[in-house]
Amino acid sequence: MSAFIRLLLATWFLALGASAHAQAPGRSVVTTEQVRAELLAHAPEGVAAGRPVWLGLQLTHKPEWHTYWKNSGDSGLPTQLEWTLPPGVLAGDIQWPVPVKIPIGSLANYGYEGTVLLPVPLEIAPDFKPSMLAQELDVRLKASWLVCRKECIPEEGEFAIKLPIRGSTGLNAQAFEAAFAAQPKPVLTTPGKLIPDSTAEIADGALNVRVQGLPASVRGRKLEFFPETPEVIQTAGAWTQDWNGAVWTAKVPLSPQRAASPAVMPVVVTDGKAGWRAELKVVGHWPKTAAPAAVSPALEEALRNNAAGKPAAPAGPGIGFFAALVGALVGGLVLNLMPCVFPVLAIKVVGFASHGGDTRARRLSGAAYTGGVVLSFVALGGLMLALRAAGEQLGWGFQLQSPLVVAALAALFTLIALNLAGVFEFGSLLPTAVASLEARHPVGNAFLSGVLAVAIASPCTAPFMGASLGLAVTLPPAQALAVFAVLGLGMALPYLAASLTPAAARWLPRPGAWMDVFRKLMAFPMFATVAWLVWVLGQQSGIDGAGALLALLVAMSLLVWTLTLRGRARMVLSGVAVLGLAALAWAALPQIAQPPAPAQQTAARAEGEWQPWSQSRVEELVAEGRPVFVDFTAAWCVTCQYNKKTTLANREVMAGLKQANVALLRADWTRRDPAITAALTALGRSGVPVYVFYKKGSAPVVLSEVLGVEEVLSVVSAP
Amino acid sequence: MLPRRPFIAACSIAALASFLPAAHAVPAVGQAAPDFTLSDANGKAVKLSDFRGKHVVLEWTNPGCPYVRKHYDSGNMPATQRDAVGKGVVWLSINSTEKGSYEYMEPAKLVAWQKERDSAPTHVLLDEEGTTGRAFGARTTPHMYIVDPQGRLVYAGGIDSIPSSNPADIQRATNYVKQGLSEALAGKQITAATTRPYGCSVKYKSGA
């Protein structure tokens, strides 16, 4: 570039201060060296409620210069408008006309060249009553825009116009009509999914986009693609497109340094003139972007030694590890008191009572139960660690994030409940050989009840356990598994201790007729657990999924009952029941596994004063200076639900939070969500519930899992 | 004819590959940062991997950009640099503006420009060919990165949370580099590990 042009541009820069900022208020036009900006109005029927009233900023760019769309692409900033309007008059959002893609070397922007009008609708409240004397509506605008060629210049201007209230403003009708015509139109959608949803599927570092419902007139033509969400795709990356019948498809590369992971991606596609807007449902999981958690220097050293094949220095495990073990033991003990373990407790009580005075049987049963609990914890923990090592974003309780696992547990508990209620005996269903095996091996029975106890207890992270499990996932596998084993030991400890103590036998009542009554009574906590699991599934898969599960459970119960019959009735009825169950399962399983329709989805739903959580929302609020309380929860976590219905429903607590102007955010982990898993990891946790209080200028405070009224109030009111 | 096909295909792939070396190498957060050697204003060679064991901040800069001036003239960038360097962090200010751009500043002038604003980077590095900028996927000035002591990229994004040219917004914004460094130095995971960088485009040499 020649020195002359450089000089010329330098003068432009100098002129800028004078030109962009020296505009006196009261003007409708601001002119800079790069842009002529004019505030236009369009109110053909005057200014009144229900009438169309539009304002708009018209930007006329000098050749080669451009300003930006709502997503500016690799660099740049969208134009911003700040309105000052009389009470009763509200300005809406900018109705962005379709943009163009502006390549700059290896980068690209989305914006406007030539002349563009950014229209804004005004909403006139019904109670807007200007005095009889007032003839005009005062409109003031402070606009800021970034105008770029290769170089960029931020500019701003203040504008003012007066709109006749009773007369018609229609001089700029043509410009507004052109801006309305340049609006992207929504793609055709139909109720009942006649036209399927438009989707963006995440695969191999790219988005496979499918846009449905585009008009037949553009079919087969090359389209341009504009995501409204910034920081997701490589704006200037090479991409491909194709038509698959009526569906437009594209493969767009994801940015390796992606800063947003939306569930719905609104996009605009254009054929150069007209544009269409579709809300793409994101399918699949965003690749994780969070960096691995920092590793302590000591562990780093140990890993290096391992890699070099040298035995690690025989230094004992750190205090952190022992604290984790103690925490796990105490946590396991407390787990017995958690609401979700209660049905399992019932099974054990029946088991204990039936052994009566037989000391040896009791001891064996206690040991077998402990073995079942400990081994299950180790197996589950090992599975979780292996999946995490393979790059999956999941944490403790992950197994209940799968609707099929929830459905299977509901079926299992229905069977147990039917058995306890006396509908059937296992002996009458199973071949005699297996049944007698079962009877001869009460030890195996006790072992299995331990496995069951873990399966149902695992979603409840008890107090003291949270920190231990959070630490466990960062430890080397052997130590991590030790934490899980101790956790199991803690949970089994009360039974083990009772089975080993002769004194325990003395206060147990003698076996008798009461046992049958007790056993039948215990069927009801089991059914209650089924009711809870159906509700969890409803949260995960919607009302259709929950209904399908209930139908399956009924069919399964029918089958179980028919198997208790004898002779021909058994043959015929059980045959019918098997067919019915198979047909239902074939029809219902997809319903159960499917996520609910977006409208039913709980993850993004605001409930009362609670807003849906996102990390960026937390940061935004904290940056504004507002304290934030986050409830990390899941439908399958009973402790979470208990806290929600008690402490978090407490009038005093809610009033305290409101008084301190605390923003309430809820992160729902009922289904898998890598963003929530990452946030939990950052807090040093791997399961729910977690309650966190953020305040600008201080470290986040993690509250205890069984949330107390006093605790919340003291944290909130702390200076 | 047939045997020639693969040869032609190989040639075209090679040709394509030479156009797109950076596009494939851009690291995600959590991956190894690409190593580079660039000269500083005095012509001394500076190598990223020589700083293993320390946190390194990379700052893409260009005094011709109003957004860079927003953060230098307000004192925000120099203060962030001093804070970081005071905690043992290495700060590398990198200018990837091509020589042909009218915004290009001679190395000595760039150092003087920074000094006038009480700036304190460990090194000011020149990347006129744009190879290092493209390797990191730097798009804007400023565009900020943090590399951890193991040489992994742990932060990529903006200097702060409010994209605007108005210096008054700095007070209200979250300084992501300051926040990220304090988390990383405390051995914690960086909560906002990727954010939106905002500012002018990097004035890359075309076809580099």
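A residue counts as buried if 20 or more other C-beta atoms, placed from the backbone, lie within 10 Å of its own, as exposed if 12 or fewer do, and as partly exposed in between. By that rule, strand E3 (residues 56-60) of chain B is mostly covered, with 5 of its 5 residues buried. The model is predicted: local features need pLDDT of at least 70, side-chain atom pairs count only at pLDDT 80 or more, and totals for chains, interfaces and linings use all residues. Residues are numbered from 1 along each chain as its sequence is written, while chains are lettered from A and ligands numbered from 1 in the order in which they are written.

**Strand E3 of chain B**
- Strands (E, at least two residues) are DSSP runs, numbered from the N terminus.
- B:Val56, B:Leu58 and B:Trp60 point one way from E3(B), and B:Val57 and B:Glu59 point the other way.
- Strands pair if DSSP finds at least two bridges between them.
- E3(B) runs parallel to strand E4 (residues 90-95) of chain B, joined by 5 bridges; here B:Val56 partners B:Val90.
- With strand E7 (residues 143-147) of chain B, E3(B) pairs in the antiparallel sense over 5 bridges. B:Trp60 stands opposite B:His143.

**Nonpolar cores of chain A**
- A nonpolar core is a set of buried Ala, Val, Leu, Ile, Met, Phe, Trp, Tyr and Cys residues joined through C-beta atoms within 7 Å.
- The largest has 66 residues; A:Leu59, A:Leu146, A:Val147 and A:Val267 touch the most other members.
- Strand E10 (residues 136-148) of chain A gives the most to this core, 8 residues.
- A second, separate core of 60 residues includes A:Ala417, A:Trp613, A:Ala635 and A:Tyr694.

How values were computed: Helices (H or I, at least four residues) and strands (E, at least two) are DSSP runs, numbered from the N terminus.
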